[in-house]
Amino acid sequence: MSFSALGLDPKILQAVKDAGYTEPTPIQSAAIPPILAGHDLIGIAQTGTGKTAAFTLPMLTRLATVIGDGRQRGTRALVLAPTRELALQIDENVRAYGRHLPLRVATVFGGVGEHPQINALRAGTHLIIACPGRLMDLMQRRYADFSQLQYLVLDEADRMLDMGFLPSIRQIVRSLPQKRQTLLFSATLSKEIETLTHEFQHAPKLFQIGRRANPAETVTQLVYEVPKSLKPALLLHLLKDPAMNMVLVFSRMKHAADRVARNLESAGIRTATLHSNRSQNQRLRALKDFKDGIVRVLVATDIAARGIDVDGISHVVNYDFP
Ligand code: AMP
């Protein structure tokens, strides 16, 4: 199937072409037509499947007519995401796919000053991407108006539940118009997710792309059995291999992540850390330096395990059992 057969707006097709995509991924072929037809949808898919474009492209196609020349400013779409990093990544995607539209986007998350976000909301937006906590806060203070909302997306819904966002999500969704299209994406289909879909969706269609139990075929997996005390030395030893040029190390605990990073740094290996005790600016910097190749190793807790898409990672090290 080709993108042009999916019924997308010509301006969106142009942006897809600009992005260099030649054909839709399976979830895009499966999900775009029913989303364009107005159906609610549950997408069971992991990051890397192209799910962001799967919901963004049809949503922007529908919005293109409403937005017109851009003077129409009511918020039509809301995307909820669990982490700031994912919210920013969705923001980048939306801006890329919407680059030929006069689209106004605001992204809302905690841990940074609220004034730029409040100003963006005040100026009027068509689409808001948000983490539930900060959005709740701004909604209670009446900075967001969802009376014209048509589309709601819950991205990485299972992760949002794991992080305890259910009460905030419920409160947010309660204040949205009943008549809307709701799209839910999750890596797993659990009882809790089913409850959520009953509560928030209307006759949703279910798509399951790829099975979570199957590791990616292109990944070679190796296990090293080693006493805990020797893990730091083993990691340093492995990193002598220059092929390990862009390495993501997962650590279970924040303080252990800091320790691993200090150990690597003192051996002269440029390293950044990403976990929830770091400030938002430090987290953004760490991810950017890693993406740009300024640091060779990023040591992270599972805050980076979901939804983050970095090109060119050579190795992932599970320093602790994942
Ligand atoms: P996602 O699963 O949404 O995080 O997307 C994973 C990556 O796939 C992102 O880097 C996208 O830019 C890229 N991508 C999405 N759709 C396509 C496509 N149809 N062809 C090639 N790359 C794509």
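The second largest pocket of this predicted model holds about 350 Å³ of space, where a pocket is an open set of points, on a 1 Å grid over the protein atoms alone, with protein on both sides within 12 Å along at least five of seven lines, and where a volume is the space filled by 1.4 Å probe spheres set on the points, which are joined across faces, edges and corners. Its lining, meaning residues with an atom within 4 Å of a point, comprises 19 residues, and the closest to the pocket centre are Pro177, Gln178, Lys179, Arg180 and Phe200. By type, the lining divides into 5 nonpolar, 7 polar and 7 charged residues, with Ala, Val, Leu, Ile, Met, Phe, Trp, Tyr, Cys and Pro counted as nonpolar, Asp, Glu, Lys and Arg as charged, and the others, Gly among them, as polar. At least two lining residues come from each of α8 (166-174), β6 (181-186) and α9 (191-200), and α8 gives the largest share, 3 residues.

Residues are numbered from 1 along each chain as its sequence is written. Local features need pLDDT of at least 70 and side-chain atom pairs count only at pLDDT 80 or more, whereas totals for chains, interfaces and linings use all residues, and side-chain values use heavy atoms, with hydrogens and water left out.

Strand β6 also belongs to an open sheet of 7 strands, paired in the parallel sense in the order β3-β4-β2-β5-β6-β1-β7; strands (E, at least two residues) and helices (H or I, at least four) are DSSP runs numbered from the N terminus, and two strands pair if DSSP finds at least two bridges between them. Because β3 (105-108) and β7 (205-208) stand at the edges with a single partner strand each, one side of each is left without a neighbour in the sheet. Neighbouring strands here are turned by 10° against each other on average, direction ignored, with axes fitted to C-alpha atoms (for helices, over the stretch in contact) and angles running from 0 to 180 degrees between N-to-C directions.

Within this sheet, β2 (77-80) and β4 (127-130) are joined in parallel over 4 bridges, and valine 79 has isoleucine 129 as its bridge partner in β4. Helix α5 (115-123) packs on the sheet and touches β3 and β4, its direction making about 145° with that of β3, contact being heavy atoms within 4.5 Å. Helix α6 (132-140) lies across β2, β3 and β4, at about 110° to β3.

A further open sheet has 4 strands, also with parallel pairing, in the order β9-β10-β8-β11. Its edges are β9 (271-274) and β11 (315-318), each with a single partner strand, so one side of each has no neighbour in the sheet. Parallel strands β8 (247-250) and β10 (297-300) are joined by 4 bridges, and leucine 248 stands opposite leucine 298 in β10.
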